[in-house]
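Subject: Structure for you to look at

Hello,

Here is the structure I promised to send. My notes on it follow below.

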Amino acid sequence: MKAAAPDAFQEMPLAKIIAVHSVKGGSGKTSLALNLAGVAALARQRDTLLWDLDAQGSSTFLCSDHPVVLGAKSVFERKIGPASLIAKTQWAKLDVITADLSLRQVEHVLQDIQKPKRLKKIIKQLSPSYDVVILDCPPGLSEVNDQVFEAADMLLVPVTPNPLGLRAFEQIQVYLAERGGRPLEIFPLISMADKRKLLHRSFLEAHQDWPVLPMSSRIENVAVRRAPVEAFAVRSREAEILRDIWGDITKRLAEIESRRNVDQHRGRPRIPKSSAS
Ligand SMILES: Nc1ncnc2c1ncn2[C@@H]1O[C@H](COP(=O)(O)OP(=O)(O)OP(=O)(O)O)[C@@H](O)[C@H]1O
Ligand SMILES: [Mg+2]
């Protein structure tokens, strides 16, 4: 088996926040979020938190047996701390912040409080305990997703290889450019690619530098097994692809980190050599 791309997390002191987002529903966000959390926690032994931000609660269902408590919205209202929603999973290094139907009202809460960095601040509270926080986002361009854009270090966007998938990706690019504010690293990847289809083959041809996650019954089975691929098919081709994608992501995060360090260094007042000695 080919060795997986290395994980560059050892070079990064603070928890990294990766949002899995797409404007498009059903593009493979939740499956990807859980599978990457599986790579981080199981293959790379990183302390990993998966935060389910979608009222559907799909990630919650996939990796937690905890009874659903109606509290997810209260975290945003600061009525409860995020730690009280953290559920352990059967994997020692993977925790999940559960979602529930109260998240349906979170849009109104966020509109009322007018605190665009609320999510970012909540994550900051948690970050000393984790190496990586993966956000499983609801589809669309909602208030919650605006909070995600403030908080994340990287936006991982699964793109289905067809015109609507591409359109959804372009929408997010345009939205972020028009929105302005802090620059956000966007990492597209092709989701559910089926090389038997001419349309998919030409899409892959046109986007050769994007990582590709194939349409696969093993990945679909994540929902049946209620576990990431890394947990039940560690030697599979899909597990290998996911580890490689994780390697690419961490490499990109390390580059962002070193760029940030250089910028910070540049921003510091320079002390003349004579007075520094
Ligand atoms: N690579 C894949 N191969 C085969 N099936 C997949 C793959 N990725 C996701 N699926 C299946 O596609 C469906 C949608 O996936 P998923 O729930 O991950 O998408 P989503 O973007 O999170 O959806 P939503 O927008 O509703 O949150 C699920 O049934 C899932 O099992
Ligand atoms: Mg989902």
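**Loop residues**

Glycine 26 is found in the loop between strand S1 (16-20) and helix H1 (29-43); helices (H or I, at least four residues) and strands (E, at least two) are DSSP runs, numbered from the N terminus. This is a predicted model, in which local features need pLDDT of at least 70 and side-chain atom pairs count only at pLDDT 80 or more, while totals for chains, interfaces and linings use all residues. Residues are numbered from 1 along each chain as its sequence is written, and chains are lettered from A and ligands numbered from 1 in the order in which they are written.

Glycine 26 counts as exposed because it has 11 C-beta neighbours inside 10 Å. The cut-offs are 20 or more other C-beta atoms within 10 Å of a residue's own for buried, 12 or fewer for exposed, and partly exposed in between, with C-beta atoms placed from the backbone. From C-alpha to C-alpha, glycine 26 lies 9.3 Å from threonine 160, although 134 residues separate the two in sequence.

Most residues other than glycine have a negative phi. Glutamine 45, in the loop between H1 and strand S2 (48-52), has a positive phi, near 55 degrees. Glutamine 45 is partly exposed, as 13 other C-beta atoms lie within 10 Å. Glutamine 114 also has a positive phi, of about 55 degrees. It sits in the loop between helix H4 (106-113) and helix H5 (118-126) and is exposed, with 7 other C-beta atoms within 10 Å.

**Ligand 1**

Which residues come nearest to ligand 1? Of the 18 residues around it, they are Gly25, Gly28, Lys29, Thr30 and Ser31; a residue is near a molecule or strand if its C-beta atom, placed from the backbone, lies within 6 Å of it. H1 and helix H9 (217-220) each supply at least two residues of this shell. H1 gives the most, with three residues.

Helix H7 covers residues 163-179, 17 residues in total. From first C-alpha to last it reaches 24 Å, close to the 24 Å expected at 1.5 Å a residue (the expected span is 1.5 Å times one less than the number of residues). The buried residues of H7 are Gly165, Ala168, Phe169 and Ile172. They are on the same side of H7 because they cover an arc of only 95 degrees around the axis, the arc being that of the directions from the helix axis to the C-beta atoms. The face turned away from that buried side carries exposed residues, among them Arg167, Glu170 and Glu178.

The buried residues of H7 pack against strand S6 (154-159) and strand S7 (185-193), where contact means C-beta atoms, placed from the backbone, within 7 Å. After H7 comes glycine 180, with a positive phi near 70 degrees.

S6 and S7 pair in the parallel sense over six bridges; two strands pair if DSSP finds at least two bridges between them. Leucine 155 stands opposite isoleucine 186 in S7. S7 in turn pairs with strand S8 (residues 212-214), in the parallel sense over three bridges, and alanine 193 stands opposite proline 214 in S8.

S6, H7 and S7 make a right-handed β-α-β unit. Right-handed means that, with the strands pointing away from the viewer, the path from the first strand over the helix to the second runs clockwise. S7, helix H8 (residues 198-206) and S8 make a right-handed β-α-β unit too.

Regards

How values were computed:
Contact = placed C-beta atoms within 7 Å.
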